[in-house]
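Please look through the structure shown below, and keep it in view while reading the paragraphs that follow.

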Amino acid sequence: MIVFFIRRLGQSLLVLLIVGLVAFSMFRFVGDPINNMLGQERTQADVDRMRVELGLDRAILTQYGIFLKKAVQGDFGVSYRQGRPVIEVLAERAPATLELALVSGALALFFGIVFGMYTAIKRDSFIAKSIMTASLIGVSLPTFLIGIALINIFAVKLELLPSFGRGETVKIGGWTTGFLTRSGLIALILPSITLGLYQMTLIMRLVRAEMLEVLRQDYIRFAWARGLKERSINFNHALRNTLVPVITVTGLQLGSIIAFAIITETVFQWPGMGLLFVNAIQFVDIPVMAAYLMLISLVFVTINLLVDMLYFAVDPRLRVSGGKG
Amino acid sequence: MISRISSFWASDIGWSFRGSPVAILSAIMVVVLLMAALFAPWITPQNPFDPSELNLANGFSPPLQENPFTNDFFVFGADNQGRDVFSTILYGLRISLMVGVLAVAFGLVLGVSLGLIAGYVGGRVDSIIMRTADIQLTFPAILIAMLIFGIAKGVAPIEYRDQVAIWVLIVAIGLSDWVPFARVVRGAAMVQKNKDFVLAAKLAGQGPMTIMFRHILPNAMSPILVIATISLALAIIAEATLSFLGVGAPPTKPSLGTLIRVGQEFALSGEWWILFFPALTLLMLALSVNSLGDWLRDALNPSLKS
């Protein structure tokens, strides 16, 4: 267990170091950082001072070290476009993305399990077959088209829901939340459906496949023979045994939800980190791009590590093979 | 040519094709869209990017109605500058398909070469290549493509940005989708490299390049074909998504994604056709290529069925 853990931790750190190197090279070699930070009316003295201030006069490897040290402390430099520390801008945008991801994840999990169970238990019914076909089409649709379709139906045609923004938000400490106002909650509906739909179909198909497998087992037949209620068999005996793979897959999908939020946030002009990243690319705001890259890598690597640990805890076969993983 | 078609028709795959209405429909759709894109300059009533052919009085003409001022008629309507939406779609389809096909070709060449080397040479080379693939696979392809696009935008001089955008897009999407090719080819290479015919080729004095590409590669052809088709659907969607986000094809050379991005602004004020028809075209393209890929996977290798 310890060996396995240390090895996986080492791998994760290596990945983060490589991502850090990419981010550092972006910052250092894409364009001239001094040119980007100082305005048109600069003197040579300004340039020299800035060069020393940023440490650009030192050896490349030392610069990389300093970059990493600052990054660990949360110092990603100053945004070229907004002239404020990147970490401040990111912290301001993070609640919007996290709330959106949380709601979409919960929606995807809930409806994924409900539809998955339904299509497995009533697998020959017309509704179940329709759901399966719809999910096949849904998987091959681009996310942004789904978002646009929802906007045009519910915001433009029916005028029921807002087409962009977060609505009113309430500030609690450093965290702005849309959960506490009516307009904030309404604004969440369309974006979270758009973002959660793909994950929902994935979870649904997984639950269905696992349920079909479990429902054929002897202990289910035995439960029927004991005269247990259908509800109790489906939920207590069958569903419970499908949950381990569902939880791990959902965990792995959490990273994708945050990454795909880039698309959803752009469609709905949702003021989160994804929209910030897209704008940063459009305006070549390298410090923001680099910081977002490192942040999202940290999220991905952490989630992968946790899921691997979970597998290890759940599946004893991995332990026997000496933790080769 | 005719004999080849008839032999395809009689083969196992041809049999499976005839039995699948979805596959036939998708194939027809793909061929129609492909032809429309190829022959766009001859089919379209106007070149939408030649200002001399546009008439501003045609701006916002609704579909299937004669414009009261100019008496012009547009099947899919006209946009704010009096461009025929049907023409912009066919020209956009050209860009979308070109980027998709070239990006997959790039990813295929890269992935197949790296996969062959990894599987055939083995050892340290193998672990470096496959580790890189593992790391890349933990990040969504769209994120990697965006990042490459952003870096290239920072490196390219401002006056060339629009011109190189399409090529950057191809490289960015290609670099983000080489992993599946490399994995399947590596697997095939590891199985085949110890077989007798490879040994015989070695004894006959053939070099590693010949052995890899002429003796080992043909054994992995059918999975490569399947992955290429599915990758094409993904690449078309990725291109459309990037262009929609404003980090892809520039407005001077719009792809379907760019057209949808532009059309969305007008849809909010009621001119729905500028958005609807490009979106519908993209939908049909993505769906038909995707179902063709699904069918091909099931037909060539039933064990891959998900």
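In this predicted model, A:R216 forms a salt bridge with A:E213, and the closest N and O atoms of the two are 3.2 Å apart. A salt bridge here is a side-chain nitrogen of Lys or Arg within 4 Å of a carboxyl oxygen of Asp or Glu. A:R216 counts as exposed because its relative accessibility is 59%, whereas A:E213 is partly exposed, with a relative accessible area of 41%; buried means under 20% relative accessible area, exposed over 50% and partly exposed in between, with a 1.4 Å probe and protein chains only.

Residues are numbered from 1 along each chain as its sequence is written, while chains are lettered from A and ligands numbered from 1 in the order in which they are written. Because the model is predicted, local features need pLDDT of at least 70 and side-chain atom pairs count only at pLDDT 80 or more, although totals for chains, interfaces and linings use all residues, and side-chain values use heavy atoms, with hydrogens and water left out.

Another pairing in chain A joins the side chains of A:E88 and A:R84, at 3.6 Å from N to O. A:E88 is partly exposed at 42% relative accessibility, and A:R84 is partly exposed as well, at 24%. These two residues also belong to a network of salt bridges that links A:R84, A:E88 and A:E92.

In chain B, the side chains of B:D294 and B:R297 meet in a salt bridge of 3.4 Å, N to O. Both lie in helix α14 (residues 273–300) of chain B, and because they are three residues apart there, about one helical turn separates them. B:D294 is partly exposed at 26% relative accessibility, while B:R297, at 19%, is buried. Over all chains, the count comes to nine salt bridges.

Which elements make up each chain? Chain B has 14 helices and zero strands, whereas chain A has 13 helices and two strands; helices (H or I, at least four residues) and strands (E, at least two) are DSSP runs, numbered from the N terminus. The C-alpha trace of chain B spans about 80 × 50 × 35 Å along its principal axes, and that of chain A about 90 × 60 × 35 Å. Of the 306 residues of chain B, 48% count as buried, and of the 325 residues of chain A, 46% do.

Within chain B, B:R83 is found in the loop between α4 (40–43) and α5 (85–121), and this arginine is buried, with a relative accessible area of 17%. Leaving out residues up to four places away in sequence, its contacts (heavy atoms within 4.5 Å) include B:Q46, B:F49 and B:T88. B:I148, by comparison, sits in helix α7 (residues 141–155) and is partly exposed at 23% relative accessibility; apart from neighbours within four places in sequence, B:I148 is in contact with B:A172 and B:L175.

How do the two chains meet? The contact takes 35 residues from chain B and 35 residues from chain A. The area buried between them is about 3000 Å², of which carbon and sulfur atoms give 81%; buried area is the accessible area, with a 1.4 Å probe, that two parts lose on being put together, summed over both. Between chain B and chain A, the count is zero salt bridges.
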